[in-house]
Amino acid sequence: MFLSKLSRYASSPIREEDYEAFRLSKEGKEIIKLSAGDPARYFKTPKRIVDAYIEALKSNKNYYSDSQGVFELREAIAKRHKKLFGLEVSPEKIVITQGISEGIQFLNMATIDKGDKGIIIRPYYPSYIPYLQIFGGSPIFIDASEENGWDIDISSFSKKIKNEKRIKYMIITNPNNPAGYVLSRKKLIEIVDFANEHDIFLISDEIYDEIVFEGKFTSLSEVANGMPYMILNGMSKSFVGTGFRLGYMLLPNDDPKSSSLLSRLIEIAQMRLSPNTPAQFAYAEGLKDLSAHMREVKRLSNEIKERVYFATKEINKSEYMHAQRPQGSFYILPKLNMEKLKIKNDKEFVSKLLEEKFVQITRGSGFGIPNHIRLVSLAPKEVLKEAISRIDEFCNEHKA
Ligand SMILES: Cc1ncc(COP(=O)(O)O)c(C=O)c1O
């Protein structure tokens, strides 16, 4: 066999309908795309960042950078974490990646042998799974409870992992994609206590840490208390820079797990030479004026909040679906009332919806939660209104 067995795990439910949507748009159909979490489709990248990118190109910062990432950017990121979360971290503890996606790949490359396990909270961000499986690992799922406002029942964790021997890590996504919840400080401490008790390396994907609508966001670093952990974060969303995105991995502590993982991640980063260099200088410049950056994200986040709240209300007017109002990120995850529909499952729902109503969304089963759909709520309100009204119309036409 030419292809590797493990490569069959490569998949992305978010992109599943892209070819069909492209085909339809070539036929002249106008597709409303609410499938990819891409703020740059609807918001402008701040001029400061664009100018800094152009300046980096013009001043010939077009070389391979340090594999770990240019020092100025790592320093700026360290300062950001100090200002936002009070974390004292040296730039040496940060590795820049080509998006968080590359960070997830590096993490699994560094930690997973055949038969190893990763704990994933369901519903989950889809890429965690194939990256784990491609290196021979498999997930252990723990469910957040939709009925209880996406509560995570920590006491069920211990039962679930009682007989598991090869757990390498646990990932949390906070704020959450796809469910939009934000973990309370109390819940985060419970998760930290659980990870500590079972000696599990904890990873927190905090890419939406500045897109929070109510209450205060708590970073894992604020409660981790010396335990081994890693923060994944990136610039695609809050800088509206998906097209020239960068991510980073931050491992602040000096315990054996964190230190050995950091060294291995740097070796892995060296294999691929470096992330995009002008982008690193652009984001370093963007983070230099941290107050300006925070003002820009606040404005962005307020506008996103308006759109998300509006779309949630519109969704909940339909008798065919119900969604909880997100607390952060920009995703809405309505539950479908399948009993009222003559449709087999959420996969059929999204594919027929695209064919018949030209609205592209994502199936919940791709996030580990069947009979749900995920809508990206970044488009202007009138577009969201039109899309949701077409979804409701579609449901009416497929009424059981
Ligand atoms: C929770 C989460 N993590 C990671 C990513 C990937 O980010 P990046 O563009 O930095 O690869 C996304 C993108 O949607 C995400 O929602």
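**Figure 1. Salt bridge between Lys-187 and Glu-190 in the predicted model.** The side chains of Lys-187 and Glu-190 form a salt bridge, with an N to O distance of 3.5 Å. The model shown here and in the other views is predicted. Lys-187 and Glu-190 both belong to helix α7 (residues 185-197), and because they are three residues apart in this helix, about one helical turn separates them. Across the whole structure, a search finds 39 salt bridges.

**Figure 2. Overall dimensions of the protein chain.** The protein chain contains 13 helices and 15 strands. Along the principal axes, its C-alpha atoms fill a box of roughly 60 × 55 × 50 Å. The radius of gyration of the protein chain is 21 Å, which agrees with the value near 21 Å for a compact globule with 400 residues.

**Figure 3. Domain 1 and domain 2.** The domain assignment divides the protein chain into domain 1 (6-44 + 293-397) and domain 2 (47-288). The contact involves 41 residues from domain 1 and 39 residues from domain 2. Between the C-alpha centres of domain 1 and domain 2 the distance is 25 Å.

**Figure 4. Area buried between the domains.** Domain 1 and domain 2 bury about 3,400 Å² between them, and carbon and sulfur atoms give 59% of this area. On the side of domain 1, His-293, Gln-324 and Gln-327 supply 20% of the area buried against domain 2, more than any other three residues.

**Figure 5. Salt bridge between Arg-48 and Glu-296.** The side chains of Arg-48 and Glu-296 meet in a salt bridge with an N to O distance of 2.7 Å. Polar contacts across the interface of domain 1 and domain 2 comprise 18 residue pairs, with both residues at pLDDT 80 or more.

**Figure 6. The side of domain 1 that touches domain 2.** Among the elements on this side, α11 (290-316) and β11 (331-332) each supply at least two residues. Helix α11 gives the most, with ten residues. By class, the side of domain 1 that touches domain 2 has 21 nonpolar, 13 polar and seven charged residues.

Technical notes
Residues are numbered from 1 along each chain as its sequence is written. This is a predicted model: local features need pLDDT of at least 70, side-chain atom pairs count only at pLDDT 80 or more; totals for chains, interfaces and linings use all residues. Side-chain values use heavy atoms; hydrogens and water are left out. Domain bounds come from an automatic or database domain assignment. Contact means heavy atoms within 4.5 Å. Buried area is the accessible area (1.4 Å probe) that two parts lose on being put together, summed over both. A salt bridge is a side-chain nitrogen of Lys or Arg within 4 Å of a carboxyl oxygen of Asp or Glu. A polar contact is a pair of N or O atoms within 3.5 Å; within protein, one must be able to donate a hydrogen and the other to accept it, and residues adjacent in sequence count only if both atoms are side-chain atoms. Helices (H or I, at least four residues) and strands (E, at least two) are DSSP runs, numbered from the N terminus. Ala, Val, Leu, Ile, Met, Phe, Trp, Tyr, Cys and Pro count as nonpolar, Asp, Glu, Lys and Arg as charged, and the others, Gly among them, as polar. The radius of gyration is taken over C-alpha atoms; the globule rule is 2.2 Å times the number of residues to the power 0.38.
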